[in-house]
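Subject: Handover of a structure and its findings

Dear colleague,

I am handing over the structure below for your attention. Kindly look through it before reading the notes that come after.

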Amino acid sequence: MIENLFPHVDWEKMWEATQQTLYMTAVSTFFTFVIGLALGVLLFLSGPRQLWSNKIVNVIIGAIVNVYRSIPFIILIILLIPFTKFLIGTIRGPDAALPALIIGAAPFYARMVLIALQEIDKGVIEAAKSMGAKTRTIIFKVLLAESMPALLSGITVTAIALVGYTAMAGAIGAGGLGTLAYFEGFQRNRNDITIMATILILIIVFIIQFIGDVLIKRFDKR
Amino acid sequence: MIHLSDVNKRFGIGTTSISAVEGVSLEIAKGEIFGIIGYSGAGKSTLIRLLNGLEMPTSGSVKIGGREISAIRGGELREARQKVSMIFQHFNLLWSRTVKENIGFPLEIAGVRKVERERKVAELIELVGLSGRENAYPSELSGGQKQRVGIARALANDPEVLLCDEATSALDPETTDSILNLLTDINERLGLTIVLITHEMHVIRKICHRVAVMEAGKVVEIGNVLDVFQAPREAITKRFVLQVTEPVETRQAIAHIKEEYPSGSLIKLIFVGERTEQPVLASLIRKYDIDVNIVQGNISHTHGGAYGTLLLQLVGDADVIAKAINYLHEEDVKTEVIGSD
């Protein structure tokens with residue numbers, strides 16, 4: 001039955017492509033989380049009337065975040081080709097997609113982190129200060145702990161966007177389900193391959209959303 | 001214990017700057033409950049934040065227990081803050097932590113080890129009457145319970161001073177009373193110095209020993225609570241005292257009785273301390289040939305003793321009324337003529 005519906009699908013290749021997509025999504029989500037979190041926290045703390053209030057730092061980070069967030073991803077990949085070649089040694093394959101994925105998504109996530117941190121009641125930060133908390137304690141035990149549900153829902157949305165980005169990166173040879181759908185499916189006019197790749201991508205997205213929802217529910221005590 | 005000398009605080013720079021606190025000098029003794037009352041914008045929030053270095057004075061000095069808060073920074077200031085803790089109007093608990101974890105937070109900050117931390121937290125939960133709620137999250141607590149967590153958290157590092165920033169303003173009257181009782185209890189049991197700011201005279205009356213009245217950044221009046229109640233000097237202080245001694249119904253009653261009995265004189269008697277227990281009124285009626293109408297009576301218990309007011313309508317000959325009032329003065333009762341015709 002499945003053989004009839006998808007006559008051209010090479011299941012081994014499809015599985016390999018799925019693994020590549022999962023690999024790219026997982027690694028880029030991890031680095032996006034770390035870098036985006038750092039940028040977001042820095043952006044928050046350097047803001048007006050905050051702990052490390054510093055207009056210059058705030059404006060510079062804000063500008064970087066805004067610029068990178070605004071460049072269309074497909075163009076960003078092309079712009080980053082020299083950088084990728086220098087860093088990874090090649091511009092083909094899943095690893096070569098990582099720099100563009102992370103640089104494209106981290107500023108996006110940084111914005112979400114900033115919004116999440118701004119939602120925290122200022123009184124709670126003041127209370128921590130009044131107890132003699134160090135800035136490091138305030139960052140980890142107040143800011144990040146109190147905004148955890150928002151940080152998690154932000155990374156869920158970002159991870160799902162990253163699945164989409166990997167498919168786009170696939171169109172220029174990063175591998176994964178995007179490559180398969182574009183080169184094997186679209187260019188050779190084998191629609192069943194494109195459809196199967198789409199189904200797999202949808203399943204990945206649903207799984208990410210599910211994991212995100214479970215985690216958010218666990219952390220949200222409000 | 002707390003020593004403020006000529007403290008000024010301005011926000012902003014140049015011509016747009018706003019003066020929040022102006023030339024405040026205060027002396028607060030160890031073990032005292034000191035109240036600061038004022039309307040919003042009077043500068044009391046800024047003043048209380050100068051005491052733990054959340055705000056630094058533009059000029060002047062703030063000393064607590066010999067340590068000059070206004071001169072220290074960084075680690076030294078953070079250490080000092082562990083001994084000058086604070087509770088807040090909106091409690092400011094971490095919602096991501098349970099009651100136990102919230103109370104343990106200042107101990108984590110102070111670097112107390114886990115075993116010791118748990119012992120101390122259990123003790124504090126007992127002290128503030130939250131047994132059985134240890135593992136609840138703030139979202140599962142009532143306002144009064146949240147403030148109890150706030151108080152336990154503030155006491156965790158055995159502070160010398162407790163600052164209360166409108167600590168009961170978000171609570172209903174009944175809960176306010178129970179929190180005020182808890183604060184009095186803590187003050188007596190632990191010998192803690194308490195500084196509180198509020199806009200409710202009721203709070204001052206109930207637990208404070210001394211009070212400072214703030215208006216436009218300045219302390220305009222300061223004294224023992226009983227003295228201030230008895231003889232408020234400034235207009236603003238009088239208004240605050242009226243909050244407690246003369247509720248709206250009284251004013252309506254006065255208006256009503258003036259209409260009803262246009263003939264007499266309305267006078268207010270003010271009894272302080274022991275005078276509240278003497279039968280002054282009975283002998284007044286026996287001695288003088290006047291009719292006495294009781295309009296309203298009220299006794300407020302403050303830390304320094306009771307303070308009572310009695311509104312009377314005296315009907316009779318003018319000279320007899322004058323003699324009667326004279327008699328009251330001899331008996332050490334203050335009077336105030338509210339209105340006559």
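This is a predicted model: local features need pLDDT of at least 70, side-chain atom pairs count only at pLDDT 80 or more; totals for chains, interfaces and linings use all residues.

Residues are numbered from 1 along each chain as its sequence is written, chains are lettered from A and ligands numbered from 1 in the order in which they are written, and side-chain values use heavy atoms, with hydrogens and water left out.

Chain A and its record

An unreviewed UniProt entry places the feature "transmembrane region" at several spans of chain A, including residues 20–45 and 57–84; such annotations may be inferred rather than shown by experiment. Residues 20–45 of chain A are 100% helix and 0% strand, with 37 Å between the end C-alpha atoms. Residues 57–84 of chain A are 89% helix and 0% strand, and here the end C-alpha atoms are 27 Å apart. Helices (H or I, at least four residues) and strands (E, at least two) are DSSP runs, numbered from the N terminus.

A100(A) belongs to helix α6 of chain A. This residue is buried, at a relative accessible area of 3%, where buried means under 20% (1.4 Å probe, protein chains only). Leaving out residues up to four places away in sequence, A100(A) touches F73(A), L76(A), I77(A) and L80(A); contact means heavy atoms within 4.5 Å.

Nonpolar cores

A nonpolar core is a set of buried Ala, Val, Leu, Ile, Met, Phe, Trp, Tyr and Cys residues joined through side-chain atoms within 4.5 Å. The largest has 61 residues, and L143(A), L4(B), L47(B), L51(B) and V195(B) touch the most other members. Helix α6 (residues 94–118) of chain A gives this core its largest share, six residues. A second, separate core of 50 residues includes L124(B) and F229(B).

The sheet of chain B

Six strands of chain B form an open sheet with mixed pairing, in the order β6-β7-β8-β3-β9-β10. β6 (84–88) and β10 (218–224) of chain B are at the edges with a single partner strand each, so one side of each has no neighbour in the sheet. Two strands pair if DSSP finds at least two bridges between them. β6(B) pairs with β7 (residues 161–165) of chain B in the parallel sense over five bridges, and V84(B) has V161(B) as its bridge partner in β7(B).

With kind regards
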